Amino acid sequence: MIFDSRLILYGLLLSNGACQLHIKNYCPLGWERRPSLFISPVQCPLALLVSLQFLEALEESQSEAIVSVIEVGVPACCGVFLVMLDKNETQGDSTELHELYCDSVKDFTSAAYSMATIAGLTMAVNVKEMLQSVTGLRQQAQCNNQLLASRVSLHKNSLETRRQPVCSRRHSVVMNVTTTHSSSPAVTQTLSEQSNQSRNPDLATVLVSEKLGDGGLDILRKVSNVDCIYNLTNEELCAKISDYDALIVRSATKVTRKVFEASKGKLKVVGRAGVGIDNVDLEAATELGCLVVNAPTANTVAAAEHGIALLTAMARNVAPSDSSMKSGKWERNKYVGVSLVDKTLAVMGFGKVGSEVARKAKGLGMHVISHDPYASADRARAIGVELVSFDDALARADFISLHMPLTPTTKKVFNDDTFRKCKKGVRLVNVARGAVIDEEALLRALDSGIVAQAALDVFAVEPPKGGDSSFALVQHKNVIATPHLGASTVEAQEGVALEIAEAVAGALAGDLAATAVNAPMVPAEVIAELTPYVVLAEKLGRLTVQLVSGSAGVKQVKVVYKSSRDDGDLDTRLLRARISKGLIEPVSDAIINLVNADYVAKQRGLKISEEREPADGESGVPLESVSVTIQDVESKFASARGDHSRSITLEGKVKDGVPHLSKVGNFSVDVSLDGNVILYRQVDQPGMIGKVGSILGEDNVNISFMSVGRTLRGQAAIVAIGTDEDVSDATIQKLKELPAIEELVFLRL
Ligand SMILES: NC(=O)C1=CN([C@@H]2O[C@H](COP(=O)(O)OP(=O)(O)OC[C@H]3O[C@@H](n4cnc5c(N)ncnc54)[C@H](O)[C@@H]3O)[C@@H](O)[C@H]2O)C=CC1
Ligand SMILES: O=C(O)C(=O)COP(=O)(O)O
């Protein structure tokens with residue numbers, strides 16, 4: 001073996017199976033993969049010995065050239081290890097080297113997975129930690145790869161690792177590898193019940209209903225109690241869901257309205273570990289205030305690669321000729337294929353997957369056109385793709401590849417009519433969603449020869465059942481089929497798991513997820529800046545609605561934001577949502593959040609209009625004051641009337657980060673909003689404060705704040721008193737009976 005240049009070696013040893021070593025080393029032409037070494041089972045003990053000696057030799061060399069040695073031992077079953085050497089850091093480009101290390105970690109992981117499968121084990125390798133170990137070390141070489149550099153910040157120990165002797169280093173980077181025997185539903189059930197017993201009651205609970213990569217589970221386990229329970233029927237899911245704050249699904253779990261209703265408000269977030277959210281009832285989620293997040297980017301490449309795999313396999317009859325050979329035949333004439341080069345491919349849906357497929361198809365020499373009503377012409381031009389109308393795409397395509405989401409508009413968009421507009425003998429690939437095709441129509445088109453071949457990864461009914469159109473398609477001689485494998489690569493599933501786990505963990509911690517599907521996305525810095533104001537907004541809503549009397553109902557609310565900021569610099573969605581929450585929650589059993597605030601307000605016929613009032617000068621704060629006016633209602637506290645007799649107005653401000661009530665009707669007050677509030681109007685005369693204070697004292701009520709606002713000396717004054725405790729009805733009555741008090745209300749926050 002050559003040790004005088006950079007070398008990456010990774011391998012897997014099985015005590016009862018083969019041993020495979022992969023080596024890559026740097027040569028003048030760049031990085032080169034050397035032939036893998038296979039060591040037969042009988043030689044395995046020897047291989048183990050050799051490898052261990054190899055590791056020992058590395059340790060003894062104490063060479064700073066060794067980037068890292070990652071060794072994983074699984075008792076009595078198998079061992080996997082990854083060794084990376086870097087003898088000459090000046091050779092080659094550090095970004096390229098960095099990428100190569102990461103590729104090696106990924107290759108190593110797939111090797112480990114496949115070997116583990118041979119040994120009948122399910123193996124979880126913490127790829128993220130490995131990548132971090134590698135990326136952390138690479139940072140020293142001032143790697144400028146943005147993506148990987150950003151991951152470095154997650155890793156705390158790798159730089160220390162390098163300074164330690166290799167011997168201890170080797171142990172300090174031992175990976176978390178766990179083995180479990182392939183889990184039947186019963187096994188998972190038992191595991192989950194065990195985990196239920198050791199739940200931390202202070203943490204949120206997360207139900208993972210389909211297989212999720214271990215990196216994602218690790219993230220979730222740090223912040224929540226995680227139960228992995230697979231293959232639940234919809235009834236079983238409904239029966240369990242009220243125990244969970246979050247649910248993580250892939251495409252098989254149907255998160256229906258029944259599921260949301262059965263959660264009885266407990267479910268706060270649904271994480272879709274993938275792109276398509278057609279299996280989640282978004283309308284029900286929004287109505288019931290449940291956030292839905294997805295993982296929109298991590299499986300793009302996998303889905304595009306699968307699209308290309310199906311395209312080429314279909315054109316060259318790979319699947320049927322393989323079956324034919326397996327049945328002992330040799331049918332060269334039967335499986336003559338068609339060429340791709342110079343053919344026209346119509347990519348329907350030019351989003352992330354579609355544009356990746358287009359890029360790859362151009363590499364195969366195809367002429368690519370695309371139809372997507374929302375795609376940017378510039379982006380298409382940059383890839384060399386012509387954007388065309390739907391009919392034009394159908395008329396010109398030799399191959400059609402589907403990449404649009406399933407929505408009410410795209411459902412069965414490929415039907416008898418559309419197939420009639422296609423060139424006879426067109427070939428169709430679908431890695432989007434089965435239901436964008438009318439499957440009965442496709443069967444007819446295949447039988448008539450309009451569609452020569454179809455390659456399908458997705459079906460209207462998954463898995464297809466005997467008797468349905470999906471099943472008939474799978475059986476058709478001109479169809480090749482895969483069981484929804486588009487996103488199913490080791491790499492994509494690890495990526496998706498990390499992406500969704502971070503989004504769900506963030507949402508559970510109260511962050512607004514960047515990948516929210518049914519809520520406005522508000523940047524983190526905006527949320528941080530507005531936090532005290534959203535608290536104020538909710539409290540103002542809560543107080544104002546308690547002043548309404550009569551049964552007319554609250555229908556019209558006007559909110560005025562006084563701010564020196566331009567319209568574009570003040571995002572009021574959070575504030576409006578919290579005002580709705582404050583207005584609606586005290587008078588109903590609804591639970592309101594950013595997801596459903598506008599929806600619930602609309603359902604209840606509550607119209608919130610927003611106005612801006614310029615504030616003087618450049619105060620630097622986003623808002624000087626917020627006022628909430630309920631219009632067209634009677635008030636139980638006449639002094640809170642605004643400019644119109646049938647309206648109630650309260651205004652608030654944030655002072656030193658704390659929400660304050662600053663105006664009641666036209667009276668200025670100043671009371672911190674951190675407890676309950678007594679508001680009363682009195683004749684402006686001496687001695688009143690003492691009387692009110694002693695009545696509250698008799699009831700053990702502590703006054704936290706007090707403020708008197710009057711229009712003119714000697715005229716009526718409004719007093720606002722903040723109280724830590726609830727105040728009994730009897731005490732309120734005693735206060736009302738004081739002769740100088742003209743009206744009084746007690747408001748709970
Ligand atoms: N088979 C599998 O395992 C996988 C399937 N998918 C499917 O692929 C779909 C696309 O994924 P991405 O590219 O990541 O989503 P994306 O949102 O980036 O792209 C979808 C594109 O479709 C376009 N579109 C919407 N309506 C259209 C219409 N009527 N006609 C033509 N184009 C239309 C949109 O403008 C958008 O550009 C997903 O919705 C999902 O259903 C995605 C990943 C894996
Ligand atoms: O991400 C998508 O839209 C997919 O279709 C992938 O589905 P899966 O997560 O593999 O069930």
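Reader: Leaving aside its neighbours within four places in sequence, with which residues is threonine 205 in contact?

Author: This is a predicted model, in which local features need pLDDT of at least 70 and side-chain atom pairs count only at pLDDT 80 or more, while totals for chains, interfaces and linings use all residues. Residues are numbered from 1 along each chain as its sequence is written, chains are lettered from A and ligands numbered from 1 in the order in which they are written, and side-chain values use heavy atoms, with hydrogens and water left out. Contact means heavy atoms within 4.5 Å. By that rule, threonine 205 touches Arg199, Asn225, Asp243, Tyr244, Asp245, Ala246 and Lys266.

Reader: Is threonine 205 buried or exposed?

Author: A residue is called buried under 20% relative accessible area, exposed over 50%, and partly exposed in between (1.4 Å probe, protein chains only). Threonine 205 has a relative accessible area of 6%, so it is buried. Its place is in strand S8, residues 204–208; strands (E, at least two residues) are DSSP runs, numbered from the N terminus.

Reader: In what order do the seven strands of the open sheet lie?

Author: Two strands pair if DSSP finds at least two bridges between them. Here the order is S15-S14-S13-S16-S17-S18-S19, with parallel pairing. Strands S15 (386–387) and S19 (479–481) are the edges, each pairing on one side only. Within the sheet, S16 (residues 399–402) and S17 (residues 426–430) are joined by four bridges; in one of them, phenylalanine 399 has arginine 427 of S17 as its partner.

Reader: Which residues surround ligand 2?

Author: A residue is near a molecule if one of its heavy atoms lies within 4 Å of it. For ligand 2 the surrounding residues include Arg250, Ser251, Gly276, Arg433 and His484.

Reader: Which atoms make polar contacts with ligand 2?

Author: A polar contact with a ligand is a pair of N or O atoms within 3.5 Å. Oxygen atoms of ligand 2 lie 2.5 Å from a side-chain N or O atom of serine 251, 2.7 Å from a backbone N or O atom of glycine 276, and 2.7 Å from a polar side-chain atom of histidine 484.

Reader: How far are the polar side-chain atoms of lysine 352 and arginine 433 from an oxygen atom of ligand 1?

Author: For lysine 352 the distance is 2.8 Å, and for arginine 433 it is 3.3 Å. The side chain of histidine 484 also has an N or O atom 3.4 Å from an oxygen atom of ligand 1.

Key: Polar contact = N/O pair within 3.5 Å; in protein donor to acceptor, adjacent residues only side chain to side chain.
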